[in-house]
Amino acid sequence: MDSRLSRSAGGDSAVAEQEVENLSGLSPNPEKAIFVVRENGSICLMAEFAAKLIVPYDVSASNYVDTIPEQAYIPLSRAAEERGKCGNNESELQISWIDKAYTLRLFFVKESRNTSAGPEAWWKMSKVQFVYDSSERTYFKEAVNLSTHHLSALVTPAGKSYECQAQQAINLASSDHQKSVVLLLSEVRLQPFDISSDYVFSEGHKCPVDQREQLEETLPLVLGLILGLVIVITLGVYHIHLKMTANQVQIPRDRSEYKHMG
């Protein structure tokens, strides 16, 4: 049984297929894959990430009438076969493994619009498609369900790469929301357009989760520095106050003490 699952926004247009390299062996993380796509000898798309898909499905109960829900956890193989396409405004990365029983396709588009501040351009992942053969027995056993679906994710300013260490979940929603497939991505670095140097990502655009974690890490340090500065200023002011007080002439409070002055 061949099941197709996708989530998309916008249509696709033809782009020429290019040469693709699997460089996953260069990563010390056994779960992380690295792919590059070349056009006319120059790299036009780079992708690094670890991926896993959670696929719910049903198996027949012992009475052969009812079904029992199961979940298949399908990791992306670093030994995957890959294909890619590059274009000025559309790019694609296709990854297949276990004799093409599983195929993950990532689609990217670059868009622009005029704003009050001037032209603004960005790229995003516009579609994710997962095709799987539920008769393949590595992760499935007698699956009986299939579904097909529709995304706008990883939005990044044009000319930058997308960077996110935290795990992200992309829901490939179906009409049956209880059987939605989830794509888990982590340690992501992606750039499908405007690569100026081979194997070199442009400036990274961090995902909101990483930005928040970075803020949580740096905020205590910043607050500590501010607190330390306040303490130093307070001690300095107190020291100056003591000096000025010591240099002032002390006027007796009791008139009888005047005879001892002079």
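A salt bridge here is a side-chain nitrogen of Lys or Arg within 4 Å of a carboxyl oxygen of Asp or Glu. By this rule the count comes to 10 salt bridges. One of them joins the side chains of Arg38 and Glu21, at 2.5 Å from N to O. The two partners lie in distant parts of the chain, with Arg38 in strand β3 and Glu21 in strand β2 (residues 17–22), 17 residues apart.

The model is a predicted one: local features need pLDDT of at least 70, side-chain atom pairs count only at pLDDT 80 or more, and totals for chains, interfaces and linings use all residues. Residues are numbered from 1 along each chain as its sequence is written, and side-chain values use heavy atoms, with hydrogens and water left out.

As for the overall makeup, the protein chain has one helix and 14 strands; these are DSSP runs numbered from the N terminus, with helices being H or I of at least four residues and strands being E of at least two. Of its 262 residues, 41% count as buried, where buried means under 20% relative accessible area, exposed over 50%, and partly exposed in between (1.4 Å probe, protein chains only). The chain exposes about 15500 Å², and carbon and sulfur atoms supply 53% of that. Accessible areas come from the Shrake-Rupley method with a 1.4 Å probe; for residues, only the protein chains shown count as cover.

Another salt bridge brings together the side chains of Glu203 and Lys160, at 3.8 Å from N to O. That pair also links distant parts of the chain: Glu203 sits in the loop between β13 and β14 (204–206), Lys160 in the loop between β10 (153–157) and β11 (161–164), and 43 residues separate them. Glu203 counts as exposed at 55% relative accessibility, while Lys160, at 26%, counts as partly exposed.

Next comes strand β4 (residues 42–60). Because 16 of its 19 residues are buried, β4 is largely enclosed by the rest of the structure. Strands pair, in the sense used here, if DSSP finds at least two bridges between them. β4 pairs in the antiparallel sense with strand β3 (residues 32–39) over eight bridges, with Glu39 standing opposite Ser42. The β3–β4 hairpin has two residues between the strands, and Asn40 takes a positive phi near 55 degrees there. β4 also runs antiparallel to strand β13 (residues 181–191) over eight bridges, where Leu53 has Leu183 as its bridge partner. With strand β5 (residues 67–75), β4 makes an antiparallel pairing over nine bridges, and Lys52 stands opposite Pro75.

How many of the eight residues of β7 are buried? Eight of the eight are. In a regular strand the side chains alternate between the two faces of the sheet. Here both faces are covered: Glu90, Glu92, Gln94 and Ser96 are buried on one side, and Ser91, Leu93, Ile95 and Trp97 on the other. β7 pairs antiparallel with strand β6 (residues 81–85) over five bridges, and Ile95 is the bridge partner of Glu82. These two strands form a hairpin with four residues between them. On to strand β8 (residues 102–115): it pairs with β7 in the antiparallel sense over eight bridges, and Trp97 stands opposite Tyr102. The β7–β8 hairpin likewise has four residues between its strands, and Ile98 in the turn has a positive phi of about 50 degrees.

Within β7 (residues 90–97), Ser91 deserves a look of its own. Ser91 counts as buried because its relative accessibility is 3%. Its side chain reaches the backbone oxygen of Pro192 at 3.1 Å, a polar contact (a pair of N or O atoms within 3.5 Å; within protein, one must be able to donate a hydrogen and the other to accept it, and residues adjacent in sequence count only if both atoms are side-chain atoms). Leaving out residues up to four places away in sequence, Ser91 touches Leu45, Lys85, Cys86, Leu106, Phe107, Phe108, Pro192 and Phe193, contact meaning heavy atoms within 4.5 Å.
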